[in-house]
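Please look over the sequence and the model shown below.

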Amino acid sequence: MTPLARLDALPDPGAIVVEVEQDGARLSLILTRSGDRVSAFRNKCPHAGYPLQRADGRLVVQESRYLVCAAHGASFTLTDGACAGGPCNGDPLERVFVDVREGVVLLPR
Ligand code: FES
């Protein structure tokens, strides 16, 4: 298991970007939190493949429910990564399985 972030470091509701190395490859992930629900997605927008964060590294969360890609405005549900509008054209974010144990978000190997 690779530790990604402490649960209390995640805004609630909100999302952060974490970078990890796994099996020699660099992985950029989005961790989202809404109450007890923590989800993770690959940080790659299905529209044109860009990472979702703004130039300052922050993710845009609207109405406490939607993650908005900074590139062209595609929006995704915070908990499921489903396309909720904009140029994602129905394509979701790619979900990554994570586990939360003792207040730490973990990525299985
Ligand atoms: S790359 Fe995300 S909306 Fe275009």
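Strands S3 and S4 run antiparallel and are joined by six bridges. This is a predicted model. One of the paired positions is Ser34, whose bridge partner in S4 is Arg37.

What holds neighbouring strands of a sheet together? Strands of a sheet pair through backbone hydrogen bonds, and the pairing can be parallel or antiparallel.

Phe41 has Arg95 in S9 as its bridge partner, and Ala40 stands opposite Val96 in S9. Put together, the strands make an open sheet of four with the order S2-S3-S4-S9 and antiparallel pairing. Which strands stand at the edges of this sheet? They are S2 (14–22) and S9 (95–96); each has a single partner strand, so one side of each is left without a neighbour in the sheet.

Another open sheet of four strands has the order S5-S6-S7-S8, again with antiparallel pairing. Its edge strands are S5 (60–62) and S8 (83–85), each of which pairs on one side only. Neighbouring strands of this sheet are turned by 40° against each other on average, with direction ignored. Within the sheet, S6 (residues 66–68) and S7 (residues 75–77) run antiparallel and are joined by three bridges. Tyr66 stands opposite Thr77 in S7.

The next topic is the nonpolar core. In soluble globular proteins, nonpolar side chains tend to be buried together. In this model the largest nonpolar core has 21 residues. Which of them touch the most other members? They are Ala15, Leu29, Ile30, Leu31, Leu52 and Leu67. The elements that give two or more residues to the core are S1, S3 (25–34), S4 and S6. S3 gives the most, with three residues.

Leaving aside its neighbours within four places in sequence, Leu52 is in contact with Ile30, Asn43, Cys45, Leu59, Leu67, Cys69 and Ala70.

The last stop is Thr2, which has its place in strand S1 (residues 2–6). Is Thr2 buried or partly exposed? Thr2 has 14 other C-beta atoms within 10 Å. A residue counts as buried at 20 or more such atoms and as exposed at 12 or fewer, so Thr2 is partly exposed. Apart from its neighbours within four places in sequence, Thr2 is in contact with Val20, Gln22, Leu106, Leu107 and Arg109. Thr2 and Leu29 are 27 residues apart along the chain, and their C-alpha atoms are separated by 13 Å.

Technical notes
Residues numbered from 1 in each chain as written. Predicted model: local features only at pLDDT ≥ 70, side-chain atom pairs only at ≥ 80, totals over all residues. Pairing = 2+ DSSP bridges. Axes fitted to C-alpha atoms, helices over the stretch in contact; angles between N-to-C directions. Contact = placed C-beta atoms within 7 Å. Core = buried A, V, L, I, M, F, W, Y, C linked by C-beta atoms within 7 Å.
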